[in-house]
Each structure stands twice: as C-alpha cells, then as structure tokens.
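Let's take a walk through a protein model, one piece at a time. Keep the sequence and the 3D view open as you read.

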Amino acid sequence: MVGTLAQGAMAQDAAPPAAAAVPQATATGLSADAIAFRDGLAHETAGLDETTRAAIDGFYASRDYRPFWNAGEGSPLATLEASVEQADAQGLPFFRYDADALQLLAGEPGMVGSPKLEVAATRTYIRFTGDLSAGIVRPLDIDPEINVKPKRATAAALLARLSDGSVSEVLRAAEPQDPDYRALMAEKARLEGLLGTDAWGAPVPAGPTLHVGESSPRVADLRARLARLGYGPETAQAAVDDAAPAAVETAAAASAFDPGLEAEVKRFQKDNGLVDDGVAGRRTIDALNASPEDRLEQVVVNLERLRWMNHDLGARRIEVNIPDFSVVLLDHGNIPWSSRAVVGNAAETRTPEFSDEMTYMVVNPTWHIPDSIATRVYLPKLRKDPTVLARSNMRLFTRSGVEINPKLVNFNQYTAENFPFRVKQNPNSANALGRVKFMFPNQFSIYLHDTPHRELFVKDARAFSNGCIRLQEPIELAEVLLKGQVPDPQASIDGWLAAKSERYVYLDQPLPVYIMYRSAWADPDGTIQYRADIYGRDGEVFRALEAKGVSLPDAAQG
C-alpha cells in the first residue's frame, strides 16, 4: 500500500476552506466547523468501499465530526506512527501502512485536524489494527488444507475500540494475548542479531549416525555446534581450531563421543521434540544444522499463525499440534491430559488444519473406511485376493447397506471413480481405530482415535496415518471427558469395552478441537521450541507473507 496513500490521499484536492470564525448553529445541530469537516470527510472517502466509508463517517459522527488524530508528542497520531514503525518487529511489513506518507502529510502546513489527514490516519489505523489482530494473509488462499478462518473485525468495530481506551492500549489489545506472541517477538530480535555472524559455528557434516563410544572429526563438529547453541562448554571449537602440538590431546578428547556429550545431545533432542536417546541421527543433525535464517523464517510464520487464532478459543479445549505430534486437553489453564500422537502421512494423507466441536465418542468403534482409503489401499488388494477383507475382519456393502460376498465380485472392472461399495471393519482388538474414537464431525472426516499400532509412538517423527490423529493415551482422555458425567468413568468405560459392541457416548459438555500447525513456540520456562516443517507448510506461509511484503533483514537474504 506504499504509494497508495501517497498517490491516493495526496492526490486529493486541498483541504476545504476553514469555517467561519464564529460557528453558526444549523438545523442538523452541528456547528459550521463540524459541517465543513463532515463534507470534507465525504470528499476524502469518496473513493473507498461503501463499508469503510460508512465506518469512518459513523466514527466521526459519534464525535460530532471533531478530529481525532491530533498531532504532537504523546498524541494519538504520534502513538499510531510510533507503533507502525515497529511493525517489522512483529513480522509485519512496515511499508504496508503508509507510515512515511502519513508522516509527510502530517508535516504539511494546515493539515493537522483536516479531513485529509484524519482519513489517512484512520485508514492506516484500520489496516494496521486489523492485521495485528487477524494476520495479513488468508490461510485458505495458501493451501486448502490450512482451513483456518481468522476473525477479522470490521472497520466499524475497530474504530469503536478507540472510544474505550488510548490508542496505545487499543493497539496492544489487538495483538494476540497468547504469551508466545511476545516470546516469539523477542526470539525474532535475537535471531536478527545473529544474522551475518558465525555465532552458531559450522554445521555438522552429513554422515552416518553417531553413537556414544565412537570417535571421529564429525563428533568434534557435533560437540562444537552443540556448544555454540548453548549445550555444554564451548571447548571443542578451540581444540579443533588450535593446531599447536599441545592441543592434540584436547582435540582427540573433543572427537570422542563420551557420556557428557551424550547428555548434551539428549538435552538438545528433548528441547526439539526428538526422541532423547542420545544418538545423533539424521533428524537430530538436521535440527542442529538449522541456521538463524531458517529459524527466523519459522518465527515470522508462527507470529502470523498466532494472529490467525487471535480470538477466544475457549477455556476448555483440545489442541492438536501436527509438527509436534502431540495432543493436549486444556482446562482453564491446566492440562489434565496430554498424549503423543500419530498424524497424517506427509506424502499422501496430510492432516488438515481446522477446528470443530467434539460432541461424542464411540467405544468399540466400527471403522467405516473412507472411499479414498478403500480405493487406494484395499481395491488393489481385492483385485488380487477377494478374501483379504475377511482376514482383516472387514465386510463389503453396497451403498444401500446390503452386505456382499467379495468372492462374487470382479474387482478388476472398478476404479476409484466407479467403486460402488463401502468397506467396514468390525469392532475387535485389531480394528484400525482401536478401542475408542472421539468425534467432532467435519468436512474432512478427521477424528481422534486409539490404534493397535503402539510401536509407532516410540518414534520421533510420527506421520503415518491416513489423516486422522492416533492417540497414545485414548482411554485416559475418555475418562477425563466423562468426569462428572458418570459416577465412575473408569468403571463405565471398562464395562463398555467388555461388552465388545459399538456404543455411542454423547458428551454433556462438548468442547472445541483445534488442529494446528505450530512449529515454534515458548515452553513454560521461556525456551523457544522448534519443530521440523514436516508438511512444508512453513515454507508455503512464508512465501505468502513475502508476497505481501514481509522480508527478512538484508543479512538473511544471502
């Protein structure tokens, strides 16, 4: 929008002539000055859309057409300009708000209090405050799987806030109140200070997995990189760089993967959501080798994500974090339950981002296999062996619900486009949904559920599902959700499971479920956590932000 104000607002006619020195009462109850101001506003807003034009007129009408953006130190205009100057600190593009053009306009003789300046400042305020509170890109325009819908306030609602507090208070309240927002802003400033330096040292060269007890130059590189990132004393780099004979013994020690280094590797792994086994494999090395530029992009992207979700999420809710492979139940600031999770496969069945309301659970669920899975996974198997369903305790039905014997069907005549059947898996110990599923009906047919494949939860990268979220601790979640609804949740669930028949249990207290993609946040002690961009969505969002004018400092551009 740089130039929009300068070329639009500046191209308007000069401010209307000053009103008579002695205001005259009119039939409207407005003074001559107010009428002149009102008419000037109408002229300055003539080229705007009707909604914005009406909002601006309504705001000034509520003030009897008196100017709002008074100039001078500590004034509303000065506060707005100072806040916009800090837009980059929040990952927003400074030029988008025409701050330079606004400042030039305010400096012109006779402009303070004029309709031209008032409209220019008001438009800057509306755009800046709207961006602060809801972000600058529309998630669905980036990727249909990012089905997040920011709640952007109307221009009228944003202007109404100015009646309830100072400009500084209003702007601060517009920002996400999640503590992560300010924590990520601080991390952004820290990372920008590292750009163009070698503060993190050289990356660890690619190679085989490193284990305790081994010795190699790559171990010394690993030790040095960890030390630069704050994991262990920074002795390794000096040993490697120092070519003096006296340093040979120290260099040899730096190249040995000893228990002390293993402990630091474990600490780094825990901070980065990896299995803390002390083994430096590919995922650990990749996380270690992330540059300040890489992390800075993640921070900017996650600041935008916080703006998308800047509304009341509910005091009691479930949050799924896809790249962290985790699910938590939040209840008025407490976390009564959390679990590791398995999410959608990155290549074919990525879990979408969206929210909905959980209303019921199903104990001993039947798996109604989605058509996409039935045709992609089971149709090729049925073509080779029609008995494959029976061996998995599955059954074949017509669309009208009539069960069909698969042996009587020639599956070679069907494709994904004309497959006329539905496949169901009966409740049993091997059922893909396990013992319980949690339903929040949605357009994606995504839900939370148990799984018989418990071995997957020991892995650090858990993207194996067909899109739904598998839980390591599903029964515990069911018990927490039913607390207060039944006298003894554990006994009730045990009884339902023992019956081995499908049972629907509706929740007396439905709660929202948010499936999110948060790859950078602050843990309770303030440490910034980073996760791998498993679906490439960080990259997608950053490119969309760049298209809106967001950029990293020059040092980050290479």
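## Ground rules

Two strands pair if DSSP finds at least two bridges between them. The strands themselves (E, at least two residues) and the helices (H or I, at least four residues) are DSSP runs, numbered from the N terminus. With that in hand, here is a pairing to look up: in strand 8, Lys 424 is the bridge partner of His 368.

This is a predicted model, where local features need pLDDT of at least 70 and side-chain atom pairs count only at pLDDT 80 or more, while totals for chains, interfaces and linings use all residues. Residues are numbered from 1 along each chain as its sequence is written, and side-chain values use heavy atoms, with hydrogens and water left out.

Strands of a sheet pair through backbone hydrogen bonds, either parallel or antiparallel. Which kind of pairing does the open sheet of four strands have? The pairing is antiparallel, and the strand order is 5-8-6-7. On the edges sit strand 5 (367-369) and strand 7 (403-404), each of which pairs on one side only.

Now go across the sheet. Strand 5 is joined to strand 8 (residues 421-425) by three bridges. Strand 8 also pairs with strand 6, this time over five bridges, and there Met 394 stands opposite Gln 425. Strand 6 is joined to strand 7 by two bridges, with Ile 404 in strand 7 as the bridge partner of Leu 396. The hairpin of strand 6 and strand 7 has four residues between the strands, and Gly 401 takes a positive phi near 100° in it.

Is strand 6 enclosed or open? Four of its five residues are buried, so strand 6 is largely enclosed by the rest of the structure. ("Buried" means under 20% relative accessible area, "exposed" over 50%, and "partly exposed" in between, using a 1.4 Å probe and protein chains only.) Helix 17 (residues 371-384) lies across strands 5, 6 and 8, running at about 75° to strand 5. Axes here are lines fitted to C-alpha atoms, for helices over the stretch in contact, and angles run from 0 to 180 degrees between N-to-C directions.

## Strand 9 and its partners

Strand 9 pairs in the antiparallel sense with strand 4 (residues 354-363) over four bridges, and Val 363 stands opposite Val 436. Strand 10 (residues 448-449) is joined to strand 9 by two bridges, where Lys 437 has His 449 as its bridge partner.

## Helices that pack together

Helix 9 (residues 167-174) has contacts with two other helices. The axes of helix 4 (residues 76-85) and helix 9 come within 9 Å and cross at roughly 30°. Pro 76, Thr 79, Leu 80 and Ser 83 of helix 4 meet Val 167, Ser 168 and Leu 171 of helix 9; contact means heavy atoms within 4.5 Å.

Helix 6 packs against helix 9 at an angle of about 35°, with the axes 8 Å apart. Helix 6 brings Tyr 125, Phe 128, Thr 129, Leu 132 and Ser 133 to the contact, while helix 9 brings Val 170, Leu 171 and Ala 174.

## Two nonpolar cores

In soluble globular proteins, nonpolar side chains tend to be buried together. A nonpolar core is a set of buried Ala, Val, Leu, Ile, Met, Phe, Trp, Tyr and Cys residues joined through side-chain atoms within 4.5 Å. Which residues touch the most other members of the largest core? Out of its 73 residues, they are Tyr 60, Trp 69, Tyr 125 and Leu 162. Helix 6 (residues 115-134) gives the most to this core, with eight residues. Apart from it lies another core, of 61 residues, including Ile 322, Leu 382, Met 439 and Ile 446.

In helix 19 (residues 474-482), Pro 474, Ile 475, Leu 477, Ala 478, Leu 481 and Leu 482 are buried. They cover an arc of only 155° around the axis, which puts them on the same side of helix 19. That arc is taken from the directions from the helix axis to the C-beta atoms. After helix 19 comes Gly 484, with a positive phi near 90°.
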